[in-house]
Amino acid sequence: MKKCLLMVLLLSAALGQVVMAQLVGAVQEAPKYDLSSTVPLDKKLVKGRLPNGLTYYIRANKKPENRVQFRLVTNAGSVLEDESQRGLAHFTEHMAFNGIKGYPHNELISTLQKYGIEFGREINAYTSFDETVYYVNLPSDDTAMLNMGYRILDGWSSGLLFDAQELEEERGVIHEEWRGGQGAGERLRDKTWPIMLRGSQYAERMPIGLERVIMGFKRDDIVRFYNDWYRTDLQAVVIVGDIDPVEVEAKIKEVFGGRAKVQNPKPRNTFDVPANKEPLIAIATDHEATSTSMVFYWKHGPIPQGTVVDYRTSLLYSFVVSMINDRVNELCDKPESPMTGAGAG
(Lines give C-alpha, C1' and ligand atoms only; values in the text may rest on other atoms or scores of the structure.)
Protein backbone atom coordinates (compact mmCIF):
# COMPACT_ATOMS: atom_id res chain seq x y z
CA MET A 1 0.00 0.00 0.00
CA LYS A 2 2.82 2.37 0.93
CA LYS A 3 4.58 1.55 -2.37
CA CYS A 4 1.39 2.38 -4.32
CA LEU A 5 1.00 5.63 -2.45
CA LEU A 6 4.64 6.50 -3.11
CA MET A 7 4.22 5.80 -6.83
CA VAL A 8 1.13 8.01 -6.96
CA LEU A 9 2.99 10.85 -5.23
CA LEU A 10 5.96 10.48 -7.58
CA LEU A 11 3.69 10.47 -10.65
CA SER A 12 1.83 13.50 -9.34
CA ALA A 13 5.08 15.35 -8.77
CA ALA A 14 6.31 14.46 -12.25
CA LEU A 15 3.06 15.58 -13.87
CA GLY A 16 3.13 18.76 -11.85
CA GLN A 17 6.62 19.54 -13.12
CA VAL A 18 5.53 18.92 -16.72
CA VAL A 19 2.46 21.16 -16.34
CA MET A 20 4.53 23.83 -14.59
CA ALA A 21 7.09 23.74 -17.38
CA GLN A 22 4.32 24.15 -19.95
CA LEU A 23 2.84 27.08 -18.04
CA VAL A 24 6.21 28.77 -17.74
CA GLY A 25 6.76 28.25 -21.44
CA ALA A 26 3.34 29.69 -22.21
CA VAL A 27 4.04 32.75 -20.07
CA GLN A 28 7.40 33.26 -21.75
CA GLU A 29 5.82 32.95 -25.19
CA ALA A 30 2.84 35.18 -24.43
CA PRO A 31 2.66 38.05 -26.92
CA LYS A 32 3.47 41.52 -25.66
CA TYR A 33 0.83 44.16 -26.26
CA ASP A 34 1.32 47.86 -26.71
CA LEU A 35 -1.00 49.07 -23.97
CA SER A 36 -1.38 52.42 -25.70
CA SER A 37 -2.63 50.82 -28.93
CA THR A 38 -6.25 51.13 -29.95
CA VAL A 39 -8.52 48.16 -29.30
CA PRO A 40 -9.36 46.87 -32.80
CA LEU A 41 -12.89 46.57 -34.09
CA ASP A 42 -14.48 43.17 -34.53
CA LYS A 43 -13.25 41.96 -37.93
CA LYS A 44 -16.79 40.89 -38.81
CA LEU A 45 -18.15 44.38 -38.19
CA VAL A 46 -18.69 46.63 -41.20
CA LYS A 47 -18.44 50.29 -40.25
CA GLY A 48 -18.74 53.24 -42.59
CA ARG A 49 -19.64 56.89 -42.84
CA LEU A 50 -21.61 58.52 -45.63
CA PRO A 51 -20.63 61.93 -47.07
CA ASN A 52 -23.58 63.49 -45.22
CA GLY A 53 -22.13 62.35 -41.88
CA LEU A 54 -24.37 59.38 -41.12
CA THR A 55 -22.44 56.48 -39.56
CA TYR A 56 -23.46 52.86 -40.04
CA TYR A 57 -22.59 49.59 -38.34
CA ILE A 58 -23.42 46.20 -39.86
CA ARG A 59 -22.81 42.81 -38.26
CA ALA A 60 -23.88 39.42 -39.57
CA ASN A 61 -25.17 37.20 -36.78
CA LYS A 62 -26.81 33.92 -37.77
CA LYS A 63 -28.53 33.28 -34.46
CA PRO A 64 -31.45 33.55 -34.25
CA GLU A 65 -31.97 32.49 -37.84
CA ASN A 66 -33.94 34.65 -40.23
CA ARG A 67 -34.11 37.62 -37.84
CA VAL A 68 -32.59 41.09 -38.03
CA GLN A 69 -32.69 44.20 -35.87
CA PHE A 70 -32.75 47.67 -37.39
CA ARG A 71 -31.68 50.42 -35.01
CA LEU A 72 -31.45 54.20 -35.33
CA VAL A 73 -29.29 56.00 -32.77
CA THR A 74 -29.57 59.78 -32.54
CA ASN A 75 -26.99 61.70 -30.54
CA ALA A 76 -29.63 63.98 -29.03
CA GLY A 77 -31.70 63.80 -25.87
CA SER A 78 -33.38 65.95 -23.27
CA VAL A 79 -30.18 67.79 -22.31
CA LEU A 80 -30.40 69.69 -25.64
CA GLU A 81 -33.91 71.07 -25.04
CA ASP A 82 -34.38 74.79 -24.55
CA GLU A 83 -36.75 76.07 -21.86
CA SER A 84 -39.83 75.88 -24.12
CA GLN A 85 -39.01 72.30 -25.10
CA ARG A 86 -38.60 70.57 -21.73
CA GLY A 87 -40.00 67.12 -22.38
CA LEU A 88 -40.09 67.36 -26.17
CA ALA A 89 -37.15 65.02 -26.82
CA HIS A 90 -39.27 62.29 -25.22
CA PHE A 91 -42.43 63.57 -26.97
CA THR A 92 -40.58 63.37 -30.30
CA GLU A 93 -39.83 59.71 -29.62
CA HIS A 94 -43.55 59.04 -29.11
CA MET A 95 -44.45 60.81 -32.35
CA ALA A 96 -42.15 58.44 -34.26
CA PHE A 97 -44.91 55.83 -33.83
CA ASN A 98 -47.73 58.21 -34.75
CA GLY A 99 -46.89 59.05 -38.32
CA ILE A 100 -43.81 58.95 -40.53
CA LYS A 101 -43.53 59.42 -44.27
CA GLY A 102 -45.15 56.46 -45.99
CA TYR A 103 -47.00 55.45 -42.82
CA PRO A 104 -49.26 58.29 -41.60
CA HIS A 105 -51.16 58.13 -38.31
CA ASN A 106 -51.04 54.61 -36.86
CA GLU A 107 -50.32 52.78 -40.14
CA LEU A 108 -46.77 51.85 -39.13
CA ILE A 109 -47.89 49.88 -36.08
CA SER A 110 -51.00 48.43 -37.70
CA THR A 111 -49.01 47.23 -40.74
CA LEU A 112 -46.38 45.56 -38.56
CA GLN A 113 -49.03 43.92 -36.41
CA LYS A 114 -50.41 42.19 -39.50
CA TYR A 115 -47.04 40.42 -39.74
CA GLY A 116 -47.01 39.53 -36.05
CA ILE A 117 -44.61 42.31 -35.03
CA GLU A 118 -45.67 43.35 -31.54
CA PHE A 119 -45.36 46.96 -30.41
CA GLY A 120 -43.36 47.30 -27.22
CA ARG A 121 -41.50 44.02 -27.64
CA GLU A 122 -40.24 44.03 -31.23
CA ILE A 123 -40.53 47.72 -32.03
CA ASN A 124 -39.81 50.37 -29.43
CA ALA A 125 -37.55 53.26 -28.40
CA TYR A 126 -36.16 55.14 -25.42
CA THR A 127 -35.08 58.68 -24.66
CA SER A 128 -32.30 59.61 -22.23
CA PHE A 129 -30.42 62.80 -21.40
CA ASP A 130 -27.95 62.38 -24.27
CA GLU A 131 -29.44 60.03 -26.85
CA THR A 132 -32.63 58.68 -28.39
CA VAL A 133 -32.62 55.11 -29.73
CA TYR A 134 -35.21 53.34 -31.88
CA TYR A 135 -35.33 49.71 -32.94
CA VAL A 136 -37.48 47.23 -34.82
CA ASN A 137 -36.96 43.45 -35.12
CA LEU A 138 -38.02 41.91 -38.43
CA PRO A 139 -37.76 38.63 -40.37
CA SER A 140 -34.71 38.70 -42.63
CA ASP A 141 -35.97 36.09 -45.10
CA ASP A 142 -38.75 38.34 -46.39
CA THR A 143 -37.57 40.97 -48.90
CA ALA A 144 -40.67 43.11 -48.45
CA MET A 145 -40.16 43.24 -44.69
CA LEU A 146 -36.46 44.04 -45.10
CA ASN A 147 -37.31 46.96 -47.38
CA MET A 148 -39.87 48.12 -44.83
CA GLY A 149 -37.14 48.13 -42.19
CA TYR A 150 -35.09 50.60 -44.22
CA ARG A 151 -38.16 52.78 -44.82
CA ILE A 152 -38.90 52.82 -41.09
CA LEU A 153 -35.36 53.93 -40.23
CA ASP A 154 -35.50 56.60 -42.93
CA GLY A 155 -38.86 57.79 -41.61
CA TRP A 156 -37.59 58.01 -38.05
CA SER A 157 -34.43 59.74 -39.20
CA SER A 158 -35.98 62.49 -41.33
CA GLY A 159 -39.67 61.90 -41.93
CA LEU A 160 -41.71 62.43 -38.77
CA LEU A 161 -45.04 64.03 -39.75
CA PHE A 162 -46.12 65.64 -36.45
CA ASP A 163 -49.77 65.51 -37.48
CA ALA A 164 -51.70 68.10 -35.43
CA GLN A 165 -54.41 65.65 -34.38
CA GLU A 166 -51.89 63.00 -33.38
CA LEU A 167 -49.97 65.59 -31.35
CA GLU A 168 -53.03 66.53 -29.35
CA GLU A 169 -53.97 62.92 -28.69
CA GLU A 170 -50.42 62.08 -27.58
CA ARG A 171 -50.42 64.90 -25.02
CA GLY A 172 -52.82 62.88 -22.91
CA VAL A 173 -50.69 59.74 -23.20
CA ILE A 174 -47.52 61.50 -22.10
CA HIS A 175 -49.33 63.49 -19.41
CA GLU A 176 -50.53 60.21 -17.94
CA GLU A 177 -46.98 58.87 -18.10
CA TRP A 178 -45.83 62.01 -16.28
CA ARG A 179 -48.57 61.60 -13.65
CA GLY A 180 -47.62 57.95 -13.16
CA GLY A 181 -44.10 59.04 -12.31
CA GLN A 182 -45.10 61.33 -9.46
CA GLY A 183 -44.62 58.77 -6.68
CA ALA A 184 -42.37 58.86 -3.63
CA GLY A 185 -39.26 57.79 -5.52
CA GLU A 186 -39.62 60.57 -8.06
CA ARG A 187 -40.37 63.19 -5.41
CA LEU A 188 -37.25 62.16 -3.50
CA ARG A 189 -35.24 62.29 -6.72
CA ASP A 190 -36.57 65.79 -7.47
CA LYS A 191 -35.25 66.93 -4.08
CA THR A 192 -31.83 65.28 -4.31
CA TRP A 193 -30.75 65.37 -7.96
CA PRO A 194 -30.67 69.20 -8.23
CA ILE A 195 -28.15 69.18 -5.36
CA MET A 196 -26.11 66.26 -6.69
CA LEU A 197 -26.03 67.76 -10.22
CA ARG A 198 -25.78 71.37 -9.07
CA GLY A 199 -24.57 73.73 -11.76
CA SER A 200 -25.21 71.27 -14.58
CA GLN A 201 -27.72 71.25 -17.43
CA TYR A 202 -28.64 67.71 -16.39
CA ALA A 203 -30.25 68.99 -13.19
CA GLU A 204 -32.86 70.84 -15.28
CA ARG A 205 -33.53 68.37 -18.08
CA MET A 206 -35.17 65.20 -16.84
CA PRO A 207 -36.41 63.39 -19.98
CA ILE A 208 -40.07 63.28 -18.86
CA GLY A 209 -40.10 67.08 -18.90
CA LEU A 210 -42.47 69.59 -17.32
CA GLU A 211 -46.25 69.30 -17.18
CA ARG A 212 -46.77 72.88 -18.36
CA VAL A 213 -44.62 72.23 -21.46
CA ILE A 214 -46.18 68.86 -22.26
CA MET A 215 -49.69 70.32 -22.15
CA GLY A 216 -48.97 73.72 -23.65
CA PHE A 217 -46.21 73.59 -26.28
CA LYS A 218 -46.83 74.63 -29.88
CA ARG A 219 -46.24 72.36 -32.86
CA ASP A 220 -43.40 74.64 -33.99
CA ASP A 221 -41.53 73.94 -30.73
CA ILE A 222 -41.31 70.19 -31.31
CA VAL A 223 -40.67 70.51 -35.05
CA ARG A 224 -37.81 72.88 -34.27
CA PHE A 225 -36.27 70.35 -31.85
CA TYR A 226 -36.57 67.62 -34.49
CA ASN A 227 -35.08 69.74 -37.29
CA ASP A 228 -32.22 70.94 -35.09
CA TRP A 229 -31.06 67.58 -33.80
CA TYR A 230 -32.35 64.75 -36.03
CA ARG A 231 -29.73 65.13 -38.72
CA THR A 232 -27.29 62.75 -40.39
CA ASP A 233 -24.12 63.98 -38.67
CA LEU A 234 -25.70 63.08 -35.30
CA GLN A 235 -27.17 59.72 -36.37
CA ALA A 236 -26.05 56.14 -36.75
CA VAL A 237 -27.80 53.18 -38.36
CA VAL A 238 -27.09 49.78 -36.78
CA ILE A 239 -28.22 46.58 -38.49
CA VAL A 240 -27.43 43.21 -36.94
CA GLY A 241 -28.80 39.79 -37.81
CA ASP A 242 -29.02 36.97 -40.31
CA ILE A 243 -28.09 39.17 -43.26
CA ASP A 244 -25.56 39.67 -46.05
CA PRO A 245 -23.43 42.69 -44.97
CA VAL A 246 -22.53 43.57 -48.56
CA GLU A 247 -26.18 43.82 -49.57
CA VAL A 248 -27.07 45.76 -46.43
CA GLU A 249 -24.27 48.28 -46.94
CA ALA A 250 -25.38 48.90 -50.51
CA LYS A 251 -28.96 49.41 -49.35
CA ILE A 252 -27.93 51.87 -46.61
CA LYS A 253 -26.05 53.94 -49.19
CA GLU A 254 -29.08 53.84 -51.50
CA VAL A 255 -31.60 54.87 -48.82
CA PHE A 256 -29.58 57.40 -46.82
CA GLY A 257 -26.85 58.52 -49.22
CA GLY A 258 -29.08 60.96 -51.10
CA ARG A 259 -29.69 63.18 -48.10
CA ALA A 260 -27.63 66.33 -48.08
CA LYS A 261 -25.48 67.26 -45.13
CA VAL A 262 -27.01 70.04 -43.04
CA GLN A 263 -25.26 73.34 -43.65
CA ASN A 264 -24.36 75.48 -40.62
CA PRO A 265 -25.82 72.98 -38.14
CA LYS A 266 -26.63 74.05 -34.60
CA PRO A 267 -23.64 73.14 -32.38
CA ARG A 268 -24.17 69.92 -30.44
CA ASN A 269 -22.76 71.07 -27.10
CA THR A 270 -21.70 68.66 -24.39
CA PHE A 271 -22.35 69.24 -20.71
CA ASP A 272 -20.53 68.19 -17.60
CA VAL A 273 -21.27 68.08 -13.88
CA PRO A 274 -19.08 70.64 -12.07
CA ALA A 275 -16.72 69.45 -9.37
CA ASN A 276 -17.11 70.69 -5.81
CA LYS A 277 -14.54 71.16 -3.05
CA GLU A 278 -16.89 70.66 -0.09
CA PRO A 279 -19.27 67.68 0.06
CA LEU A 280 -22.77 68.29 -1.26
CA ILE A 281 -25.38 66.97 1.14
CA ALA A 282 -29.01 66.29 0.29
CA ILE A 283 -31.52 65.09 2.87
CA ALA A 284 -35.00 64.24 1.65
CA THR A 285 -38.08 62.70 3.23
CA ASP A 286 -41.44 61.67 1.88
CA HIS A 287 -44.54 60.38 3.67
CA GLU A 288 -44.90 57.55 1.12
CA ALA A 289 -41.28 56.38 1.25
CA THR A 290 -41.08 52.68 2.13
CA SER A 291 -37.45 52.52 3.24
CA THR A 292 -34.50 54.56 4.45
CA SER A 293 -31.30 54.66 2.45
CA MET A 294 -27.92 56.37 2.38
CA VAL A 295 -26.15 56.94 -0.93
CA PHE A 296 -22.60 58.22 -1.51
CA TYR A 297 -21.39 59.49 -4.89
CA TRP A 298 -17.79 60.20 -5.85
CA LYS A 299 -17.54 62.42 -8.91
CA HIS A 300 -14.81 61.71 -11.46
CA GLY A 301 -13.93 62.76 -14.95
CA PRO A 302 -14.86 60.78 -18.05
CA ILE A 303 -13.23 57.35 -18.04
CA PRO A 304 -10.91 57.01 -21.07
CA GLN A 305 -11.94 54.41 -23.63
CA GLY A 306 -10.40 52.99 -26.76
CA THR A 307 -6.93 51.72 -25.89
CA VAL A 308 -5.80 48.36 -24.52
CA VAL A 309 -4.89 49.88 -21.16
CA ASP A 310 -8.32 51.57 -21.00
CA TYR A 311 -9.99 48.22 -21.54
CA ARG A 312 -7.78 46.56 -18.94
CA THR A 313 -8.65 49.30 -16.45
CA SER A 314 -12.37 48.81 -17.10
CA LEU A 315 -11.94 45.10 -16.33
CA LEU A 316 -10.18 45.93 -13.07
CA TYR A 317 -13.03 48.27 -12.12
CA SER A 318 -15.60 45.55 -12.82
CA PHE A 319 -13.64 43.02 -10.73
CA VAL A 320 -13.42 45.42 -7.78
CA VAL A 321 -17.11 46.29 -7.94
CA SER A 322 -18.05 42.61 -8.19
CA MET A 323 -15.94 41.74 -5.14
CA ILE A 324 -17.37 44.62 -3.09
CA ASN A 325 -20.92 43.57 -3.95
CA ASP A 326 -20.22 39.93 -3.07
CA ARG A 327 -18.91 40.96 0.33
CA VAL A 328 -21.70 43.37 1.23
CA ASN A 329 -24.30 40.82 0.10
CA GLU A 330 -22.74 38.31 2.49
CA LEU A 331 -22.97 40.90 5.27
CA CYS A 332 -26.61 41.62 4.47
CA ASP A 333 -27.47 37.92 4.71
CA LYS A 334 -26.30 37.71 8.33
CA PRO A 335 -29.00 37.95 11.03
CA GLU A 336 -27.11 40.67 12.87
CA SER A 337 -26.71 42.84 9.75
CA PRO A 338 -27.81 46.46 10.33
CA MET A 339 -28.84 46.82 6.68
CA THR A 340 -31.23 45.02 4.34
CA GLY A 341 -29.31 45.78 1.17
CA ALA A 342 -26.16 47.46 -0.13
CA GLY A 343 -24.19 47.71 -3.32
CA ALA A 344 -21.56 49.56 -5.31
CA GLY A 345 -21.25 50.63 -8.90
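How many bridges join E1 to strand E2, and do the two run parallel or antiparallel? Select residues 55-60, which form E2, together with E1, residues 45-49. There are 5 bridges between E1 and E2, and the two strands run antiparallel. Keep in mind during the tour that this model is predicted.

Next, pick out valine 46 and look across to E2. The bridge partner of valine 46 there is isoleucine 58. In general, strands of a sheet pair through backbone hydrogen bonds, either parallel or antiparallel.

Now widen the selection to the whole sheet. The sheet is open and has 6 strands, in the order E1-E2-E6-E3-E5-E4. Its pairing is mixed. Go to the two edges: strand E1 lies at one and strand E4 (123-127) at the other, and each pairs on one side only. Ignoring direction, neighbouring strands in this sheet are turned by 10 degrees against each other on average.

To see where the helices touch, show side chains. On the H4 side, select Asn147, Tyr150, Leu153, Asp154 and Ser157. On the H9 side, the residues they meet are Val248, Lys251, Ile252, Val255 and Phe256. Colour this contact by class: it has 6 nonpolar, 2 polar and 2 charged residues.

Technical notes. Residues are numbered from 1 along each chain as its sequence is written. This is a predicted model: local features need pLDDT of at least 70, side-chain atom pairs count only at pLDDT 80 or more; totals for chains, interfaces and linings use all residues. Side-chain values use heavy atoms; hydrogens and water are left out. Contact means heavy atoms within 4.5 Å. Helices (H or I, at least four residues) and strands (E, at least two) are DSSP runs, numbered from the N terminus. Ala, Val, Leu, Ile, Met, Phe, Trp, Tyr, Cys and Pro count as nonpolar, Asp, Glu, Lys and Arg as charged, and the others, Gly among them, as polar. Two strands pair if DSSP finds at least two bridges between them. Axes are lines fitted to C-alpha atoms, for helices over the stretch in contact, and angles run from 0 to 180 degrees between N-to-C directions.
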